[in-house]
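Try each task before reading its solution.

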Amino acid sequence: MSDLVIHGGAPLRGRVVPSANKNAVLPVLCATLLTREPVRLHRVPDITDVRKILDVFRRLGSSVAMDFETGVLDLHHADTRFDPARDHLPEQMRSSILLVPGLLARFGAARIEGDVKGCTLGAREIDPHVEVFERFGACVERDGPSLVLRADRPLRGNDHWTDYASVTTTENFVLCAALARGTSTLTNAAGEPHVQEFCRFMEQLGARIEGIGTSRLTVHGVDRLGGGEFSFTEDFHEVVTFLALGAITGGDVRVRNAQPEHFPLIDRNFAKFGVRVVHDDGWSRAVLDGPLKVREPFTRNILQKVEAAPWPYLPVDLLPIFIALGVRSEGSVMFWNKVYDGALAWTGELSKFGAQAFLSDPHRLVTFGGKALGPAEVESPYIIRVAIALLMVAASIPGRSVIRNAAPVRRAHPRFAENITRLGARVEWVEAG
């Protein structure tokens with residue numbers, strides 16, 4: 001396991017260029033299985049999940065040339081082979097389920113392991129994905145703890161209405177529909193920025209998609225997809241993370257951000273803590289006029305609220321970032337996670353810093369900020385943004401703090417410690433025994 005040691009109290013200042021969004025990169029990698037033509041990708045991050053998927057491609061016989069120094073990846077799946085009796089998808093990685101459509105389209109078979117999951121964010125069922133595969137004509141059968149999927153004939157288009165706006169289910173639907181016969185329509189589709197980026201990549205390969213960014217996607221199946229070249233944009237999660245780090249430490253961090261059009265609601269949530277976000281000439285900056293302070297609502301006798309739900313709400317992955325701001329801001333805030341059960345259980349760790357946070361139920365938390373905090377040793381669950389939120393609090397407090405089990409950060413943010421070190425933080429990775 002890896003721990004992060006932070007010597008906090010220094011204002012972070014400077015410029016930083018975020019990496020690509022892993023939630024766009026991973027489905028795009030999986031999508032390349034749908035074509036036999038060469039694909040070149042730029043700004044591919046050096047993160048653990050990328051390495052796992054590339055290892056799968058190599059084992060299946062694909063041509064993989066990855067230069068992590070430049071972020072350039074060349075893929076060619078012309079000689080790929082798959083045997084469901086022998087070849088397994090990577091476990092402990094939620095995105096491996098996105099390999100299924102490419103395997104069904106190319107080889108008529110795929111296999112889902114019983115432990116396909118990612119961060120410990122609560123119940124994350126695979127049933128919606130299985131339902132999508134069945135809607136396109138795949139047959140599903142159990143083999144011990146695994147599921148084997150088979151498609152003896154080409155996938156066929158269909159109309160589907162999901163129970164909820166799931167990012168990965170939406171991506172699996174598009175992957176299946178791209179080469180399916182006929183037209184497919186998905187209602188209650190997810191529209192997050194990384195889903196839009198994934199769809200733009202699919203269009204570049206030749207997929208015909210209507211309604212990108214809306215709750216209704218229509219995909220017209222084509223006979224084949226081509227190759228091409230694609231460059232990933234900055235991860236909006238990481239943009240928010242660096243802006244929040246600048247704000248919580250009382251510093252001044254400018255973050256490269258090519259898509260400020262995704263930020264109006266995020267900016268308004270920053271404003272609830274007295275933070276004004278300025279977007280100018282491709283860069284974003286968090287500006288404070290004094291210490292962090294919760295803005296009182298005009299409606300009397302209610303708490304300021306930060307509500308997270310599927311896009312276009314505030315993304316639920318960003319809620320821990322704002323909780324960190326909440327415990328460091330004067331005033332009280334109610335945080336509401338409308339997606340995952342149990343995803344706020346980690347907030348008990350905040351008390352080790354001296355913070356006051358009350359978990360009223362599995363979905364809602366109230367922070368009582370403005371208290372004097374001290375350095376601490378805390379433990380992170382296997383949730384990327386929680387490890388970063390704990391680091392944010394530690395970075396704002398003078399003294400030495402330790403974030404135990406901070407390895408999830410490496411799943412999404414390459415060179416994270418190096419980036420914040422250049423901004424003035426004193427932080428280092430320590431490999432725990």
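Two exercises with solutions follow.

This is a predicted model: local features need pLDDT of at least 70, side-chain atom pairs count only at pLDDT 80 or more, and totals for chains, interfaces and linings use all residues. Residues are numbered from 1 along each chain as its sequence is written, and side-chain values use heavy atoms, without hydrogens and water.

**Exercise 1.** Describe how helix 9 and helix 10 cross, and list the residues that meet.

*Solution.* 
- Two packed helices are described by the angle between their axes and the distance between the axes.
- The axes of helix 9 (residues 319-328) and helix 10 (residues 384-395) cross at roughly 20° and come within 8 Å.
- Helix 9 is therefore roughly parallel to helix 10 (angles under 35 degrees).
- Their crossing is right-handed (the near helix is turned clockwise from the far one by less than a right angle).
- From helix 9, Pro320, Ile321, Ala324, Leu325 and Val327 meet Arg385, Val386, Ile388, Ala389, Met392 and Val393 of helix 10 (heavy atoms within 4.5 Å).
- By class, this contact has 10 nonpolar, no polar and 1 charged residues.

**Exercise 2.** Check the span of helix 6, then find how many of its residues are buried.

*Solution.* 
- Helix 6 (residues 193-205) has 13 residues, so at 1.5 Å a residue it should span 18 Å (1.5 Å times one less than the number of residues).
- Its end C-alpha atoms are 19 Å apart, which agrees.
- Of the 13 residues, 10 are buried (under 20% relative accessible area, 1.4 Å probe).
- Among them are Val195, Phe198, Phe201 and Leu205.
- Their cover includes helix 1 (22-31), helix 5 (167-178) and helix 7 (236-248).
- Gly206 follows helix 6, with a positive phi near 115°.

Technical notes. Axes are lines fitted to C-alpha atoms, for helices over the stretch in contact, and angles run from 0 to 180 degrees between N-to-C directions. Helices (H or I, at least four residues) and strands (E, at least two) are DSSP runs, numbered from the N terminus. Angles under 35 degrees count as roughly parallel, over 145 as roughly antiparallel, 65 to 115 as roughly perpendicular and the rest as oblique. Ala, Val, Leu, Ile, Met, Phe, Trp, Tyr, Cys and Pro count as nonpolar, Asp, Glu, Lys and Arg as charged, and the others, Gly among them, as polar. Buried means under 20% relative accessible area, exposed over 50%, partly exposed in between (1.4 Å probe, protein chains only).
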